[in-house]
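Have a look at the picture, then work through the notes.

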Amino acid sequence: MDADVDQIPTEAVDAGQQYELDPTFVNSRREAIVIFFSWFVALCWTIPYCYYNGYNIADPADMPTTFGIPSWIVWGVAAPWLAADLFTTWFCFRFMKDDELGVAGDEEHLQQEQEGEV
Amino acid sequence: MLNSIPKLIAQAQSGNAVLITFLIYIIAVFIIAGLSNKLLQNRNFLSEYFLGSRGLGVWAFALTLAATSSSGGSFMGFPSKIYSHGWVLALWIGSYMVVPICVMGLLGKRINQVARTSGAITIPDVLRDRFNNVSFGLISVGLIIFFMTFNLVAQFKAGSEILRTLLGPIDAFNSMVEAVPDWFTSMSTQSSDYMFCLVVFGIAVIVYTTYGGFHAVVWTDVMQGIVMVVGVVIMLPLAIYQASDAIDPGESTKTGMALVTEEMSEMVPPRYLTLVLSAIEPIEEDISIPPGTWVSSDGFPLYGDPERIFRTTKRYVLEKATGFAVVEAIEIVSENDKARSWDAFELQNSDDAGIGNQLANLRVNRVLNTASIEIPEDYPVDVKDLNLSPGTLLPFEGKDGVSRIAMLYSLITPPKDRVAGKPIDVYLFQILYTEGTVLENELAVYENQIQEQPHMADLKVSDLDEGFYAYGAAEDERGAYVTAPGPHRSETSGFLPLSLAVSFFFMWAISGTGQPSNMVRLMAFKDTITLRRSIFTVAIYYTLIYIPLVVIFCCARVILPGMEAEADRIMPQMAVTLTSNIGMGWLAGLLIAAPFAAVMSTVDSFLLMISSALVRDIYQRNMNPEATEAKVKKLSYIFTLIVGLGALLGAMNPPEFLQDIIVYTGSGLAAAFLAPVVFALYWPRANHQGCIAAMLGGFLTHLAMYCVGFLNGDGFTPYRLMGTDPIIVGLLSSFVIGFIATIKTPPPADSIVKKYFYRKVEA
């Protein structure tokens with residue numbers, strides 16, 4: 001997709017009017033790539049870890065537990081889950097940008113109402 | 001008013017807590033609908049009715065999305081699966097760790113911006129305006145109506161089933177069901193309690209959704225979301241404490257949850273069997289046997305064992321006229337489960353004044369296994385003349401290679417279908433191993449039988465179902481409840497083989513992102529601050545819900561043995577048991593409201609999506625763009641009402657494979673919508689040709705997987721390429737087809753690209 005974006009100049013000229021890539025689009029795309037990568041990392045940790053430690057167990061009676069839960073669940077699912085929560089917290093409060101979303105036609109009168117109230 | 005509060009509490013504690021909570025809940029829902037309707041005044045009707053005027057704040061946005069995607073499955077199906085398959089469900093649900101950030105973050109900001117830029121109110125609106133193409137809008141409307149209509153009927157049925165499960169044990173409810181007139185129940189092939197619950201559930205949802213619109217749906221979702229998380233947080237410590245308390249630790253030094261896990265590691269899945277029940281003492285009237293009734297052989301040795309205990313799976317009646325009943329049941333096999341099951345058996349039969357007295361009169365005197373008798377095509381005797389009377393001996397070789405002999409109990413296949421070359425289904429009993437003097441005696445009788453009827457030697461027993469789980473019951477599969485892939489009754493590869501584990505990791509996060517019902521909510525939040533805070537809120541919300549649910553219902557395996565007999569009732573049963581054990585029965589009502597709230601929040605959003613597709617995408621944008629607001633308003637109410645009533649009527653006689661339809665529509669919507677929406681939002685080169693191809697390609701590939709499965713004779717079970725779910729094949733082909741079609745067709749108009757991907761540089 002990046003290659004195709006590059007086909008359209010980042011600054012386009014139209015009858016004297018200059019354009020630049022919408023920062024909301026640019027930030028959204030950057031954030032989407034990071035999110036997809038986080039899903040992939042979660043997949044790459046959880047599935048192999050659980051496969052090697054939770055499948056084909058020879059003696060389930062001696063299975064190690066952590067906090068009373070089978071250890072393969074704790075380290076394969078619960079721990080990455082908490083890590084994912086930490087990542088989400090960082091993503092939401094440090095990484096993700098606040099962008100302008102625009103105003104829809106059906107919102108204009110609401111905005112006027114609010115401005116009137118103020 | 002104040003004087004009536006103690007009376008209300010007393011009533012709640014007397015066992016009707018669920019009914020009272022349900023009534024309070026319904027009243028609250030209608031109040032919310034009334035308040036929401038007030039918001040419809042003085043605002044753009046369509047934007048408010050279908051999108052809440054794009055003004056959702058953090059709590060409303062976060063909880064409506066969480067509650068809608070949770071659905072009834074999270075609070076009925078998921079606990080039932082945890083109970084039936086054990087700890088592996090943590091892996092099954094594992095990708096929910098990234099679901100909030102994926103579902104809300106991947107598309108949220110962009111779809112909200114594009115919807116505002118174009119003035120779109122629905123998903124077809126977004127696609128139509130983004131590419132300035134009417135056909136694309138209509139195709140997407142068609143697919144949404146196709147998938148959602150089936151799904152809505154299925155969700156209505158699920159709502160009715162949940163309500164029936166929740167209210168079933170309540171006397172007042174059963175009295176109301178008995179008062180339902182016959183003409184009403186004759187409209188359906190379903191039972192009268194199903195019909196009663198369907199109408200109550202359906203009318204409640206239709207009325208509040210029609211009257212209140214999007215805001216009513218969102219606010220009820222918020223209430224429902226709070227009910228769900230409060231329920232789970234209350235149940236967690238109670239479950240761990242009561243489960244560890246119920247276990248006899250013996251020589252184990254473990255305590256708490258570790259003790260529960262150790263106990264689970266020793267559990268063996270139950271057997272599914274057919275029993276013949278009779279009364280110990282003569283009976284004066286028919287005995288009603290509710291589902292989940294404990295029965296035993298009461299000292300009468302079955303296969304030499306007097307200590308066998310069973311639990312029935314459905315409702316039966318032991319008729320006075322016949323004196324016996326043939327019932328489906330499970331047998332508790334685990335030794336540690338047996339001790340707790342005998343306690344439950346004693347408790348059930350100790351109710352001298354009530355039904356327990358009748359149930360104590362029941363005794364198991366036969367354990368039956370289903371099997372087939374193979375009859376050769378060139379069999380010399382007419383099958384109808386075969387003397388297959390009860391007690392006929394039939395030797396056979398078991399799957400383990402051990403020779404056995406069994407007695408015929410009865411024939412299942414009706415006489416008209418008994419022909420040579422086709423197997424006859426039968427019930428067998430008293431299956432014996434080829435050891436000991438008993439067998440020698442039986443074989444001597446068999447020799448006599450063959451001398452009298454020599455052709456009987458040609459009959460072969462096959463497909464003997466001994467009722468064991470296909471995975472988890474064998475000696476080398478012990479500990480199935482604490483390991484992967486988890487026990488499964490019919491799949492020899494277990495509940496979650498690796499290929500399915502990967503599929504589910506893909507499905508929850510990625511296919512959840514592709515659900516139009518989630519996308520439309522992403523168009524409704526107020527600003528990006530709301531989005532950021534909401535992603536965080538939902539992440540914490542899911543953490544509080546899903547991992548604790550796995551812990552709670554693993555504990556349920558210890559607290560409530562034998563619930564495989566009615567696994568769908570595990571959530572309400574667990575709520576009642578946990579709260580009753582601490583003397584706070586009234587609290588059960590709150591906990592039980594959670595699954596009902598969950599299914600309601602899914603149904604209302606689906607209902608609104610279909611009516612918005614009809615009013616906005618078909619009528620206003622294609623048939624009458626100049627329609628006045630008054631007319632649009634009237635039509636919105638009418639269409640929401642009609643769609644709701646249509647689904648209600650459809651659910652009165654629901655089609656077969658309903659659960660499969662829910663799965664099909666959920667994954668089918670993602671296969672059709674995710675790729676075109678991603679292209680539309682993030683790829684300036686994307687054009688309508690490519691996105692239509694992506695949509696139809698995903699839809700048809702996904703459908704093809706189901707068609708191949710059907711042609712292979714698997715019914716509604718799809719073909720799984722390399723063991724993966726059809727959603728993966730559907731999504732991959734949708735992205736690939738869309739990409740190729742796009743680059744092979746002309747680029748979009750420059751004006752469209754500028755509108756959605758560029759902004760003017762101020763001089």
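The notes below go from the whole chains to the place where they touch, and then to single residues.

This is a predicted model, so keep in mind that local features need pLDDT of at least 70 and side-chain atom pairs count only at pLDDT 80 or more, while totals for chains, interfaces and linings use all residues. Residues are numbered from 1 along each chain as its sequence is written, and chains are lettered from A and ligands numbered from 1 in the order in which they are written.

**Chain B as a whole**

- Chain B has 25 helices and twelve strands; helices (H or I, at least four residues) and strands (E, at least two) are DSSP runs, numbered from the N terminus.
- A compact globule of 763 residues would have a radius of gyration near 27 Å, and chain B agrees with that at 29 Å. That radius is taken over C-alpha atoms, and the globule rule is 2.2 Å times the number of residues to the power 0.38.
- Along its principal axes, the C-alpha trace of chain B spans about 105 × 75 × 60 Å.
- Chain B is split into domain 1 (4-107 + 145-239 + 529-653), domain 2 (271-465) and domain 3 (656-763), with bounds that come from an automatic or database domain assignment.
- The C-alpha centres of domain 2 of chain B and domain 3 of chain B are 52 Å apart.
- In chain B, 53% of the 763 residues count as buried. Buried means 20 or more other C-beta atoms within 10 Å of a residue's own, exposed means 12 or fewer, and partly exposed is in between, with C-beta atoms placed from the backbone.

**Chain A as a whole**

- Chain A comes to four helices and four strands, and along the sequence they follow the pattern α-β-β-α-β-β-α-α.
- Of the 118 residues of chain A, 29% count as buried.

**Where the chains touch**

- On chain B, 64 residues are in contact with 64 residues of chain A; contact means that the C-beta atoms, placed from the backbone, lie within 7 Å.
- The largest share of chain B's side, ten residues, comes from α18(B).
- That side of chain B divides into 33 nonpolar, 17 polar and 14 charged residues. Here Ala, Val, Leu, Ile, Met, Phe, Trp, Tyr, Cys and Pro count as nonpolar, Asp, Glu, Lys and Arg as charged, and the others, Gly among them, as polar.
- Strand β2 (residues 17-21) of chain A and β12(B) pair in the antiparallel sense over three bridges; pairing takes at least two bridges found by DSSP.
- In that pairing, A:Y19 stands opposite B:K760 in β12(B).

**Residues to look up**

- B:E331 lies in strand β6 (residues 324-331) of chain B, and it counts as buried because it has 20 C-beta neighbours inside 10 Å.
- Leaving out residues up to four places away in sequence, B:E331 touches B:P270, B:R271, B:L273, B:R308 and B:F310.
- A cis peptide bond joins B:A484 and B:P485, with omega about 10°, and B:P485 is found in the loop between β11 (460-465) and α16 of chain B.
- A:F67 has a phi near 55°, a positive value in a residue other than glycine. A:F67 is exposed, because 12 other C-beta atoms lie within 10 Å.
- B:N132 has a positive phi too, near 50°, and B:N132 sits in the loop between α7 (123-131) and α8 (134-167) of chain B.

How values were computed: Contact = placed C-beta atoms within 7 Å.
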